[in-house]
Amino acid sequence: WHVPSDEEWTTLTTSLGGEAVAGGKMKETGTINWISPNLEATNESGFTGLPGGCIDSNGSFGDIGVDGYWWSDLDFSSADAWHRVLGYNYKNVVRTNSGKDNGFSIRCLRD
């Protein structure tokens with residue numbers, strides 16, 4: 001098992017039609033775990049992305065029910081790394097970087 005590379009995340013989102021629409025295809029449907037409206041969530045990818053939120057650099061929990069954050073294995077810099085974000089109010093996947101001192105989810109891939 002391994003943490004997906006930034007390239008593997010890009011391969012996934014590209015196969016789902018690109019970052020502009022892949023988020024909806026990766027999110028769990030409904031509003032049991034996501035707050036409304038959970039825009040365009042179909043989970044057609046089978047990823048079943050959940051809004052686990054995050055722990056920020058101060059140790060505070062946030063965004064549970066609102067956003068899901070997943071690390072990649074690629075450093076952006078010595079202090080930051082790339083990750084992906086899914087949100088309740090958009091259908092895209094956001095590729096961005098944040099400080100490694102944040103607590104995000106990990107989605108492992110089988111070797």
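This is a predicted model: local features need pLDDT of at least 70, side-chain atom pairs count only at pLDDT 80 or more; totals for chains, interfaces and linings use all residues.
View 1. Among the aromatic pairs of the structure, which number 5, phenylalanine 47 and tryptophan 70 form one that is edge-to-face, with 5.4 Å from centre to centre and 75° between the planes. This pair links distant parts of the chain, since phenylalanine 47 belongs to the loop between α2 (19-26) and β1 (54-55) while tryptophan 70 belongs to strand β3 (residues 67-75), 23 residues apart.

**View 2. The stacked rings of tyrosine 69 and phenylalanine 104.** The ring centres of tyrosine 69 and phenylalanine 104 are 4.8 Å apart and their planes meet at 15°, so the pair is stacked. Because tyrosine 69 lies in strand β3 and phenylalanine 104 in the segment after β5 (94-99), the pair ties together parts that are 35 residues apart in sequence. Tyrosine 69 is buried, at a relative accessible area of 12%, and phenylalanine 104 likewise counts as buried, at 13% relative accessibility.

View 3. Trp9, Phe47 and Trp70 are linked into a cluster by ring pairs. Over the face of phenylalanine 47 lies arginine 107, at 4.1 Å from the ring centre.

**View 4. Lysine 27 and the ring of tryptophan 34.** The charged end of lysine 27 sits over the ring of tryptophan 34, at a distance of 5.4 Å from the centre of that ring.

Terms used. Residues are numbered from 1 along each chain as its sequence is written. Side-chain values use heavy atoms; hydrogens and water are left out. Rings of Phe, Tyr and Trp (its six-membered ring) pair if their centres lie within 6.5 Å; planes under 30 degrees apart count as stacked, over 60 as edge-to-face and the rest as tilted. Helices (H or I, at least four residues) and strands (E, at least two) are DSSP runs, numbered from the N terminus. Buried means under 20% relative accessible area, exposed over 50%, partly exposed in between (1.4 Å probe, protein chains only). A charge sits over a ring if NZ of Lys or CZ of Arg is within 6 Å of the ring centre and within 35 degrees of the ring normal.
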